[in-house]
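Please open the model in a viewer and keep the sequence at hand.

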Amino acid sequence: MIPVIGGLALNLALGLSIITIILLSFHLRTGDNRLYLSGQRAALAVSLVSFFATFVLAQLLLSSNFDVDYVAHYTSLETPTIYKLTALWAGQAGSLLFWLFILSIYGVVAILQNRRSQQKLMPWIMIVIATVQLFFLILVNFVSNPFVPTDADFILANGLGLNPLLQNATMVIHPPLLYLGYVGFTIPFAFSIAAMAQQEMNALWIKTIRTWILFVWLMLGIGIILGGWWAYQELGWGGYWAWDPVENASFMPWLTGTALLHSIMIQEKRNMLKVWNMTLIIITFTLCIFGTFLTRSGIMSSVHSFSASSVGPIFLGFVFLILIVSFSLLFYRRAFLYSGKRIESFSSRESGFLFNNVIFVVMCFAVFWGTLFPVISEAIRGTKITVGAPFFDQINIPIGLLLLLLTGVGPLLVWRRTSKQCAIRNFTIPVTVGLVTALILFLLKMRGYVLISFSLSSFVLTTIIIEFAKGIRSRMRSQHENMLIAFWRLMRKNRSRYGGYIVHIGIVLMFVGFTGHAFDSEKEFGLKVGEKEHLNNYQFELLRISEQERPNHYAWIADLRLQDSEGKTITILQPEKRIYFFRSPDPDRRQPHSELDIYNFLNSDIYSIFNGIDTDKGVAYFKIMINPLVSWVWIGGYIFVLGTLISLYPSRKETVI
Amino acid sequence: MESKNKFYFAITIIALVVVFWIWYASTNPNSEQALVTFLSVEELIDDGFSDRVRLGGVVEDGSIQVDENNYMTCQFELKEGDYLLPVEYTGVRPDLFKDGAEIIIEGIYRDGVFKADILQTKCASKYEGDLRDANNYNLGEVSI
Amino acid sequence: MIGSIVFLIIFILVIVYIIQPMLLEKDITIENTQSTTESFLQRKKILYKQIKELDMDYQLGNVLEQDYINTRNDLKREVSEVLSVLNKK
């Protein structure tokens, strides 16, 4: 019975979203506020009914109701409870419903939060949100319905189970965060369409939209970092980023979102660049929909490819619809958006931001180009060319380094104009530090990108540290505070500025981590118990292999003793080889899985994989990788999150005058 | 030149340089793994490609043989349509690599044997399996 | 059976909730003046913030005195424009 209610709820939500659009359109035409009030209630009802449908599916998953096809596909009785819940976004139908669920949360928040302050824009904001909801409701109702009953002529005793790769704590939070990011850009998009339609874009609008963008951008950023962390911990190829289409899909809106975050500040402060900001918002939102399309359509054969399906053309149609409608509106309203102001100087914060914008957008284009290159080449030349990670590395490393350079230059430029004297004074120390670093690295026989990357990192860190130091010193002098208090108050009084600097520190540290990739080393070998093998300065000795039967898998556990060059034991690595579904009578159903073990140093990771075991000969096979500086990627990630949170933290009601 | 125009000029130059760079990298990749042609087994055998190529197909049942002397090396046959291609692969075999698995390989075809150095399995296809096929269920595991 | 009754109740409640405002005999008015005032206050806040930041940058030695005076005057002029609008209300 319950599955039917889920399906009915989706039908109802679909109808309500259409009603919302109709009511609000009539309100806009007639100005009748009764219609507005009804429309607002209908808009809230769409979201509430969507919540209801999602809860129904969650309930079905938790209670293992195998009458529902989706439940039987993605869970089984022995799936741990938490992963029964995460199966909500494991498959296509569920994840589309989940998209709708998150959009509904955002929608309710946006409506309740802004219905008074943005009253004039509200009808349009609600229409845009309802239209996006309608699109996803059409998908879950007619194309990929999560409540479809099981199509089998016998009663299912058990389901197929969740992919063991997805049974990992990170996978519990990675997809929801990524979705919070993807979906969230709907709201700034709705605000922009509304502002253009009603020709009203005031200071309050910018404040609201900026907070949304910052929050959503943070979620997307954490989602991407966690995705890399998951790949590194679980997939066992020793890296965290492979330029896989699905990864690129989340990276592209993050790039344009970052550009937007900077350029919206110019609009906030100088009331200019509106056309450009609108363009960026439209592109970012389109990339979010496009990203969902890439993940869900199966157009790309990706390592963690999902299913091929019929949602592709519908998504593509929606993407084109968004682009055509939004850019037509933008063109139609160009006079309203034109500010007539101009950027005064080459050497101003504004122009620095604009250069960063151009580079972010071009980098996004590079990623887009590489991602779609196979499709393009097949269409034009008839041969399918696959694009490997080296291609993306080749293109993006120089662009990334250019961005790193700007990260250092930007904070030294002030708004409107920076005079030459000040610039020279401010740049002297950081440039010197950068050059000295380069010289030292050169003498250490480092060359090329590694040299440039480390030198630029030291340059950027120096500029930021000097900024902090100057601020602290000035407070210590003028307010007679001690250093810690001066630091604390400086941050608190200028949250967005210093929060931004902290984000930059995080990014620099991540770059340091990326650069460590150039020094990776690896080795594959087989060992009998008691034998030893060497890699770099480390020695690996196989102490023993034990076997264990656990609830949902069978495991061989290797004890690998890790010793340094002096023979001191550092740790015992315990990589595992597991067989999931090992009780299955059908050998094809049994699935091996390598659970790796990583030992972290601050300067490098020792990464061990248990490849396989030859039981006849008693030989176990391992792959060991030594990955320098990987920890800094994650440390940089934490700092990035911290900095963004500082910027996001609402400032107290200010009492100027 | 007016400062505004100079500004747009500079931005255009930067954009053009980077676009040119993308085009340059697309036509002059610095690694043989950057851009690889994806072929069908039929095209490979008929045309005798000697460049690095990528192939997709299914592992022929019962064809996997692990090398006696080196556990890391194995031979198997890749099946696509009616064509069978002998493959030799050295490296870590993915967990899902077995008879009937859908795989993608990359390498060079020489003297009738395809020497692969990249082997990827298409992940988790059976999780999208057919519910009507009772064999898909691990009924033996219900005991918990 | 219970399920469909529950759903029917939800359905009716939702419809009543939505239709209710349209049954009102007279059109209602929704206050709108507040939002424009608020947005000017926000604009004022941003301008003040910019002045404060400019002062800080001047103290830190990031701006030359002449630029500092010019920019500060520009910002002050903008503030006075905003204030005059606010005073009229």
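Begin in chain A of this predicted model by selecting β2(A) and strand β11 (residues 619-628) of chain A: the two run antiparallel and are joined by 7 bridges. Within this pair, select G526(A), which stands opposite Y621(A) in β11(A).

In chain A, 4 strands form an open sheet with antiparallel pairing, in the order β2-β11-β10-β9. At its edges stand β2 (521-527) and β9 (597-600) of chain A; each has a single partner strand, so one side of each is left without a neighbour in the sheet. On average, neighbouring strands of this sheet are turned by 15° against each other, direction ignored.

Remain in chain A and select P80(A), in the loop between α3 (69-74) and α4 (81-86) of chain A. P80(A) counts as partly exposed because 13 other C-beta atoms lie within 10 Å, whereas a buried residue would need 20 or more.

Now display chains A and C together. Their contact takes 40 residues from chain A and 34 residues from chain C. On the side of chain C that touches chain A, the elements giving two or more residues are α1 (2-19), α2 (33-59) and α3 (65-88) of chain C. The most comes from α2(C), with 12 residues. Coloured by type, the residues of this side of chain C divide into 16 nonpolar, 12 polar and 6 charged.

Finally, select chain B, which is divided into domain 1 (1-30) and domain 2 (37-124). The C-alpha centres of these domains of chain B lie 42 Å apart.

Notes
Residues are numbered from 1 along each chain as its sequence is written. Chains are lettered from A and ligands numbered from 1 in the order in which they are written. This is a predicted model: local features need pLDDT of at least 70, side-chain atom pairs count only at pLDDT 80 or more; totals for chains, interfaces and linings use all residues. Two residues are in contact if their C-beta atoms, placed from the backbone, lie within 7 Å. Ala, Val, Leu, Ile, Met, Phe, Trp, Tyr, Cys and Pro count as nonpolar, Asp, Glu, Lys and Arg as charged, and the others, Gly among them, as polar. A residue is buried if 20 or more other C-beta atoms lie within 10 Å of its own, exposed if 12 or fewer, and partly exposed in between; C-beta atoms are placed from the backbone. Domain bounds come from an automatic or database domain assignment. Two strands pair if DSSP finds at least two bridges between them. Axes are lines fitted to C-alpha atoms, for helices over the stretch in contact, and angles run from 0 to 180 degrees between N-to-C directions.
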